[in-house]
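Have the sequence and the 3D view open side by side, and take the points in order.

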Amino acid sequence: MVRLASIGSSSISDWFLDAVKRVDGITLTTVYSRSLDKAESFAKKHGAVKWYDSLEQLGADPEVDAVYVASPNFAHKDQAIAMMRAGKHVICEKALGSNAKEVAEMIAVAKETGVIFMEAMRTLYDPGFVAIQNNLEKLGSIRHIDFRFCQYSSRYDAYKEGKKVNIFDPTTSAGGLMDIGVYCVEPLVALFSMPNEIKTFSWNLEENVDGCGVILAKYESALATLTYSKITNHKIPSEIQGENGTMVIERISDPRKITIYYRNGEIEEIPVEVPVENNICYEIQAFVQAIGEKKDLKQYHKISQETMEFMDAVRKQNNIVFPADK
């Protein structure tokens, strides 16, 4: 049984810990927060029996095997490295770090310490994404990829009222690209690797953090367009266009409905395994399995590293600079 501790108490933590309860071989035992009262409250909410406001005490606890890091992006690197150096396996929320340099440091420490280190990018472990991978060859030569994820943030209203909101705060290494654009970038990198060239525009808020953006990526024989937003919603699905047909994907973040429209007029519905109620379960299952089998996750580390290099390039063009970049 993997005994898990959680760092962070946001809504994504609630969703993740709900999924933990649905997965065999792992259980939440411990919660960390900078506020001991908040740690205790969050622990009791999710059935944990211990709580800390000290990372040192958490790292020294012999009854913690693994740690879920779901703090703001700017804190990921230091917290993940501290836990790995304490001998804990780590699953860390996306975006994995503030920039590619931080991600490289984290991966290096994982290799040095021999622990399992994994990015909590649920899409890559979802049966729908596997179905996309397994059916790509039916499209023939792929010429255009169009991924989009636009979801109006409930916190944007608070931001417009002048309140301080983490997700629209560059000091926390946040913004539209880091929070939601990554759901377009990482699947693209996972399926097609790094592009040869990237061009991009973003609409930045007053704090010089992006609310929405568009990215054009050029491959040797294909183009990709990525559209993301935390200040609007989208209704158009994602597509992968090949010379033999077009694959339409209802939601690239958690693919459920996948249809191929062939050039000859035929239509094929791609079956997707009936998902669990909370599809974060799939990434947690992969994490538990990796710990049990001592898996080498370098394939996923490469995806995480290239994803952050991609996003660094996007931010540079759009003049989005985090304190961690300096």
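This is a predicted model: local features need pLDDT of at least 70, side-chain atom pairs count only at pLDDT 80 or more; totals for chains, interfaces and linings use all residues.

**Notes for a first look**

1. Is Leu124 buried or exposed? Its relative accessible area is 8%, under the 20% cut-off, so Leu124 is buried. Setting aside neighbours within four places in sequence, Leu124 is in contact with Phe129, Glu186, Pro187, Ala190, Tyr300 and Ile303.

2. Helix H8 covers residues 176-192 and helix H10 covers residues 298-317. Their axes come within 9 Å and cross at roughly 125°, and H8 and H10 are therefore oblique to each other. The crossing of these two helices is right-handed. On the H8 side, the residues that meet H10 are Leu177, Met178, Val182, Val185, Glu186, Leu188, Val189 and Ala190. On the H10 side, they are Ile303, Ser304, Glu306, Thr307, Met308, Phe310, Met311, Val314 and Arg315. Sorted by class, this contact of H8 with H10 has 12 nonpolar, two polar and three charged residues. Glu186 and Ala190 of H8 and Ile303 of H10 take part here, and Leu124 touches these three residues too.

3. H10 also packs against helix H5 (residues 100-113). How are H5 and H10 oriented to each other? Their axes are 8 Å apart at an angle of about 165°, and an angle over 145° counts as roughly antiparallel, so that is the description for H5 and H10. This crossing is left-handed. The H5 residues in the contact are Ala100, Val103, Ala104 and Ile107, and those from H10 are His301, Ser304, Gln305, Met308, Glu309 and Asp312. By class, the contact of H5 with H10 has five nonpolar, three polar and two charged residues. Ser304 and Met308 are listed here for H10, and both are also among the H10 residues that meet H8.

4. Lys94 and Ala95 are joined by a cis peptide bond, with omega about -15°. Ala95 belongs to the loop between strand E5 (89-93) and H5.

5. Next, go back to strand E6, where you will find Met118. With a relative accessibility of 1%, Met118 counts as buried. Which residues does Met118 touch, not counting those up to four places away in sequence? They are Val90, Ile91, Cys92, Tyr125, Glu283, Ala286, Phe287 and Leu297. Thr172 is 54 residues from Met118 along the chain, and their C-alpha atoms are separated by 21 Å.

6. His46 lies in helix H2 (residues 36-46) and counts as buried, at 10% relative accessibility. A polar contact of 2.7 Å joins its side chain to that of Asp14. Leaving out residues up to four places away in sequence, His46 touches Asp14, Leu17, Lys21 and Leu28. Asp169 is in the loop between helix H7 (154-160) and H8, and Asp169 is buried as well, with a relative accessible area of 6%. Beyond four places in sequence, Asp169 touches Lys164, Ala174 and Val209.

7. Lys294, in the loop between helix H9 (280-293) and H10, has a phi near 50°, a positive value in a residue other than glycine. Lys294 counts as exposed, at 72% relative accessibility. Asn319 is in the segment after H10, and its phi, near 55°, is also positive. At 53% relative accessibility, Asn319 counts as exposed.

Notes
Residues are numbered from 1 along each chain as its sequence is written. Side-chain values use heavy atoms; hydrogens and water are left out. Axes are lines fitted to C-alpha atoms, for helices over the stretch in contact, and angles run from 0 to 180 degrees between N-to-C directions. Helices (H or I, at least four residues) and strands (E, at least two) are DSSP runs, numbered from the N terminus. Angles under 35 degrees count as roughly parallel, over 145 as roughly antiparallel, 65 to 115 as roughly perpendicular and the rest as oblique. A crossing is left-handed if the near helix is turned anticlockwise from the far one by less than a right angle, and right-handed if clockwise. Contact means heavy atoms within 4.5 Å. Ala, Val, Leu, Ile, Met, Phe, Trp, Tyr, Cys and Pro count as nonpolar, Asp, Glu, Lys and Arg as charged, and the others, Gly among them, as polar. Buried means under 20% relative accessible area, exposed over 50%, partly exposed in between (1.4 Å probe, protein chains only). A polar contact is a pair of N or O atoms within 3.5 Å; within protein, one must be able to donate a hydrogen and the other to accept it, and residues adjacent in sequence count only if both atoms are side-chain atoms.
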